[in-house]
Amino acid sequence: MRPFSVNSLTDGKQLADIGTFESSRFLAGGTNLVDLMKHQIETPQHIIDLSRWDSANNIDETDDYYQIGAMVSNTDLANFAYQRKDLSVLSQALLSGATVQLRNRATTGGNLLQRTRCYYFYDTNQPCNKREPGSGCAALDGFNRIHAVLGTSEHCIASHPSDMAVAMTALDAQVKTINTKGDTRSIPVRELYQLPGDTPHIETVLAEDELIVAVKIPKKKRGTQTYRKVRDRSSYAFALVSVACDLTLKDGVIADISLAFGGVGTQPWHAASAEDFMRNKTASSSLYEQAVDLELNPARGAGGNDFKIPLIKRTAAFVIQQAVEHQMANPGHQGAIHAR
Amino acid sequence: MPASQYDQVTKIGDATDRIDGPLKVQGKARYAGEFEFDAPTLVGVYVGAARSGGTLTKVNTDKAESQPGVKAVLTYHNAPEQRPFAEPEDAMRFGQSRAVLQDTKIRYAGFPVALVVAETLEQARYAASLITHTVESDGPELLENADEAQVTPASLDGGFEPDATCGNIEQALNNTTRLDMTYHTPNQISAAMEPHTTIAYYDGDILHVHTSVQILASAVTCLANTLKLPEDKIRIKSLFVGGGFGSKLGLHNDAVLACLGAIHLKQPVKVALHRRQVFHSAPHRGFSIQKISLSADNAGHINGISHHSAMPMAQDYAFAEATGAVARITYKADAIESRHRVKVVDSPMIDSVRAPGDAIGSLAFESAIDELALHCKIDPVEFRLNNIAPAHPITGKPFSTHHLAECLKKGAEEFGWANRTKNDNGPVKTGYGVALAMRMNMIVPSAAKVTLDSDGQIAVFTDMTDIGTGTYTILSQVVSDFFNTPANAITINLGDSTSPASCGSGGSFGASSSATSVRNACEKLSRQLCEKMGLARGSHQVAVHDGKVIAGEGDTQQVCTLSDLFKDSGVSELEGHGEVEPGESHDEYEQYSCGAHFAEVTVDTITGEVRIKRQHGVFSAGQILNHKTATSQLQGGMVWGASYALLEDLQRDKHHGGFVNCDLAEYHFAVNRDIGDIKVTFIEEPDYKACKLGSKGIGELGITGAGAAIANAISDAVGIRVREFPITPDKVVNALTKQS
């Protein structure tokens with residue numbers, strides 16, 4: 001392992017005391033940072049350890065929103081969300097991710113910033129523009145079954161692996177941040193990520209000295225919520241494709257819908273075109289199919305991942321159909337279809 | 001290894017707990033990487049080649065050498081001299097030289113190009129990251145399609161001939177029901193929990209090695225050949241092995257590199273493969289292309305069976321697996337043709353992975369048989385019952401024992417095959433499947449020593465290993481049962497190359513071979529005790545307990561205290577040596593373990609996801625030595641079978657020739673949630689033609705056929721046949737789309 005220094009933060013406001021942010025990384029569960037450092041994929045000179053940042057370990061609730069501290073574990077957040085009908089899609093997404101052991105360590109902020117599982121990103125012998133800008137992309141013409149079909153570029157087709165981030169995208173969560181100057185800002189999760197373009201090493205809009213403090217989820221009456229994750233094995237596997245959906249039906253018309261995809265995008269994918277196409281229209285299977293087709297219009301496979309395009313279409317159309325049927329049978333329903 | 005916790009006699013067959021269990025759950029069982037010598041252990045980390053099939057044109061170690069803590073950087077320029085790779089030819093693959101850092105030839109992606117030895121792991125890793133190297137390669141030579149496999153291997157794993165045939169195959173296949181199918185199985189790897197690890201120390205005379213290996217005697221030969229040392233100057237210990245699955249039959253780069261470092265520095269050196277290195281340094285199973293043609297008559301009797309296997313073979317590493325073995329043995333037919341061809345490729349070593357031959361052979365062949373049954377519109381259980389071979393279908397030789405039909409009938413009854421129902425409502429469909437298993441049984445030469453001291457303590461010494469299968473436990477049972485001695489007076493000492501050479505663990509031969517040698521050693525010791533007690537000629541069975549040796553029963557019983565016996569004999573302990581070799585019955589009879597698998601699955605017709613609800617296996621493997629360890633092992637095999645059917649797929653990059661999904665998050669095998677109810681039952685009848693104890697191999701039986709039952713259940717659920725394993729959601733959706 002490359003030598004590095006460690007600073008420990010016990011409060012976000014202490015950021016200003018840290019001398020340099022050149023070649024530094026925040027260390028919190030869910031980022032994969034330690035794994036990546038062991039293999040010299042990430043080689044920071046400075047680590048800012050957040051494990052003792054206790055004040056970021058709370059979930060606050062007001063009449064208008066939930067505020068989840070950046071250090072709240074995936075397990076705690078899943079347990080919290082499980083008990084709230086308007087956060088059902090979030091608990092479903094969290095519980096479908098990784099394993100209990102990993103969820104105990106993964107944090108809300110860290111999981112938003114989880115790095116890709118691209119095989120070539122992990123193999124330092126191979127070119128990767130995300131790991132080493134300008135070196136090329138071995139995945140384009142390599143084995144690319146797990147890679148993205150939306151938001152890709154000729155420089156990178158790596159997919160974003162987080163399940164939680166897909167649900168946060170569907171829930172239109174906001175990320176609260178702080179920087180060394182003490183400036184704070186709110187960024188919608190839907191605008192947190194950057195498409196790879198010709199700079200795939202830049203994954204978010206966050207500045208080097210900017211730290212996620214919390215995630216805010218607006219409180220509102222939601223509808224039938226589903227997180228459907230399609231995966232090779234039933235646990236401890238990343239999504240081949242996943243769908244997060246929150247749908248409210250009124251008199252046969254889709255009154256409100258939030259839709260996000262995982263596994264298919266270079267970032268958690270907000271299916272905005274599909275939402276717009278369906279909103280305020282009478283529910284029908286041809287409507288969902290047209291809407292998803294519209295969303296998938298720019299999708300491009302690289303060979304091994306071509307199957308993701310029909311698979312996400314089938315899965316999304318089925319999830320929407322199921323939600324519609326459930327809303328018809330249970331007007332005003334809020335939460336999961338299969339509530340335990 | 002301390003004695004068993006049981007203070008009573010444990011009989012052969014008893015479902016006792018593992019005697020190494022308490023040590024393992026307390027973290028007190030020391031694995032290869034946990035030993036220490038008097039001198040502090042240095043840590044070695046190696047750099048693997050970036051691509052395969054080429055020449056190392058540059059390796060720059062300057063920066064690494066000047067790093068703090070670095071003791072040595074070895075490359076082909078300065079590494080101790082070794083015998084060329086794969087020499088001598090007659091040493092077989094586990095005994096041949098596994099030389100590294102000798103020349104500029106790059107055998108495969110990940111092949112060691114430099115070893116850094118430093119005081120700490122972190123120092124060694126960092127220094128290794130500073131080494132740069134260049135491999136010039138025209139691209140790896142790989143097997144792309146079946147036609148490229150033109151080489152007939154000299155022999156197949158398990159001693160099978162590459163080609164076998166009977167009858168007129170063209171005539172037999174020339175039939176209206178003829179089916180021609182091509183099945184594919186992917187590269188697979190053992191993925192044992194414990195990565196390969198070695199600590200070596202050369203004291204100037206003896207090379208001491210702690211490593212994780214399944215067979216010790218050939219490992220000593222391998223190091224002697226590689227390092228040009230006499231075998232008696234090498235001592236290997238392998239007390240606990242955290243999973244082998246074939247990947248530790250021989251020694252690999254960790255062992256050779258640790259020894260090179262230790263010889264170069266005269267200090268203990270440890271080299272542990274990290275998980276990503278395991279995928280290239282340890283051998284894997286090559287992918288297979290199996291072309292199968294089958295035909296049957298109107299009554300559902302099989303006419304012709306043709307099985308052609310094409311697989312890659314690694315350069316300078318003569319291993320080819322008998323993929324077609326199950327097609328030769330399971331069913332009778334008018335004509336059978338089985339053929340194996342390989343292509344020599346630029347690849348990491350290709351060797352045994354969990355049931356070589358039959359695991360992937362049964363996956364394809366038992367799927368194909370199901371296709372034929374469906375085509376004939378005959379229930380797949382009935383179809384199989386109608387066609388089971390009563391003797392070897394090609395040679396006509398009789399089986400020693402053969403309970404395949406009983407396994408199938410009993411399994412069908414217990415599983416509820418006749419009453420299976422589908423109450424599907426929605427897009428998730430239920431399916432049921434069946435498949436058969438035949439696994440060859442063999443005895444491999446093995447030796448053991450049993451000692452008795454004046455306190456009544458019995459100790460077993462053999463260089464046998466326990467790779468998690470329960471060897472410590474069953475050998476203790478064999479001794480306890482024979483001498484009627486409480487198990488806590490018996491110590492089993494395994495995994496030390498100074499002990500009598502055993503068969504080692506592998507090929508399902510370990511339990512029967514090593515247990516028979518221990519039993520023979522007990523008999524020798526018993527005879528000596530009889531002589532010492534002055535018993536009549538022909539007496540040779542005594543019991544040892546409560547400080548006494550007891551011969552006979554009732555009125556004729558003779559008892560001698562151990563203290564008297566040892567006082568008179570003038571020695572501190574007595575010992576008996578036992579050996580076993582394959583007997584004549586191996587030539588006269590076909591010896592197979594067999595089984596029948598049943599599975600219930602669901603298939604999601606939207607997403608293509610397959611989930612297993614139930615697996616049920618019925619097995620016949622002679623006398624079961626310990627019902628608990630045997631059941632665990634068979635269940636484990638069935639879990640791996642599920643993995644083969646649905647998950648495992650080691651993917652190679654066609655440009656650099658290395659594997660890409662090299663960790664346990666991306667190389668998928670079954671996790672707990674993938675497995676539903678799993679049940680194992682036995683049809684138990686000792687087979688004394690197999691060995692004195694009547695036991696037969698089970699290690700690779702559970703996996704054979706297990707995956708095909710799942711594949712057949714998928715077909716039953718949704719009417720599709722995916723002939724390219726593993727059956728992942730994308731392939732199911734693709735087949736469903738084509739179907740509609």
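**A walk through a two-chain predicted model**

Take chain A and its contacts between residues at least 6 apart in sequence: 65% of them join residues at least 24 apart. A contact here means that the C-beta atoms of two residues, placed from the backbone, lie within 7 Å. This is a predicted model, in which local features need pLDDT of at least 70, side-chain atom pairs count only at pLDDT 80 or more, and totals for chains, interfaces and linings use all residues. Residues are numbered from 1 along each chain as its sequence is written, while chains are lettered from A and ligands numbered from 1 in the order in which they are written.

Stay with chain A. It has 11 helices and 13 strands. Helices (H or I, at least four residues) and strands (E, at least two) are DSSP runs, numbered from the N terminus. The C-alpha trace of chain A spans about 60 × 50 × 35 Å along its principal axes. Its radius of gyration is 20 Å, which agrees with the value near 20 Å for a compact globule of 340 residues. That radius is taken over C-alpha atoms, and the globule rule is 2.2 Å times the number of residues to the power 0.38. Of the 340 residues in chain A, 53% are buried. A residue is buried if 20 or more other C-beta atoms lie within 10 Å of its own, exposed if 12 or fewer, and partly exposed in between, with C-beta atoms placed from the backbone.

Now follow some strands of chain A. Strand 4 (residues 59-61) and strand 5 (residues 65-69) of chain A run antiparallel, joined by three bridges. Two strands pair if DSSP finds at least two bridges between them. I59(A) faces I68(A) in strand 5 of chain A. Three residues link strand 4 of chain A to strand 5 of chain A in a hairpin. Strand 5 of chain A also runs antiparallel to strand 8 (residues 211-218) of chain A, with five bridges. There, G69(A) stands opposite A214(A).

Turn to chain B. Its secondary structure comes to 19 helices and 28 strands. The radius of gyration of chain B is 27 Å, close to the 27 Å from the globule rule for 740 residues, so chain B is as compact as a globular protein of that length. Its C-alpha trace spans about 80 × 80 × 50 Å along the principal axes. Buried residues account for 60% of the 740 residues in chain B. Among contacts in chain B between residues at least 6 apart in sequence, 82% join residues at least 24 apart.

The domain assignment of chain B gives domain 1 (21-30 + 443-581) and domain 2 (397-438 + 584-740). Such bounds come from an automatic or database domain assignment. The centres of domain 1 and domain 2 of chain B, taken over C-alpha atoms, are 37 Å apart. Across the boundary, 14 residues of domain 1 of chain B are in contact with 15 residues of domain 2 of chain B. On the domain 1 side, helix 13 (471-483) and helix 14 (510-532) of chain B each supply at least two residues. Helix 14 of chain B gives the largest share, six residues. This side of domain 1 holds five nonpolar, eight polar and one charged. For this count, Ala, Val, Leu, Ile, Met, Phe, Trp, Tyr, Cys and Pro are nonpolar, Asp, Glu, Lys and Arg are charged, and the others, Gly among them, are polar.

Next, look at strand 23 (residues 548-551) of chain B. Four bridges join strand 23 of chain B to the antiparallel strand 22 (residues 542-545) of chain B. In this pair, A551(B) is the bridge partner of V542(B). The hairpin of strands 22 and 23 of chain B has two residues between the strands, and D546(B) takes a positive phi near 55 degrees. Strand 23 of chain B is also joined by four bridges to strand 24 (residues 558-561) of chain B, again antiparallel. Here V549(B) has C560(B) as its bridge partner.

Finally, see where the chains meet. In all, 28 residues of chain B are in contact with 23 residues of chain A. Helix 19 of chain B gives the most to the chain B side, with five residues.
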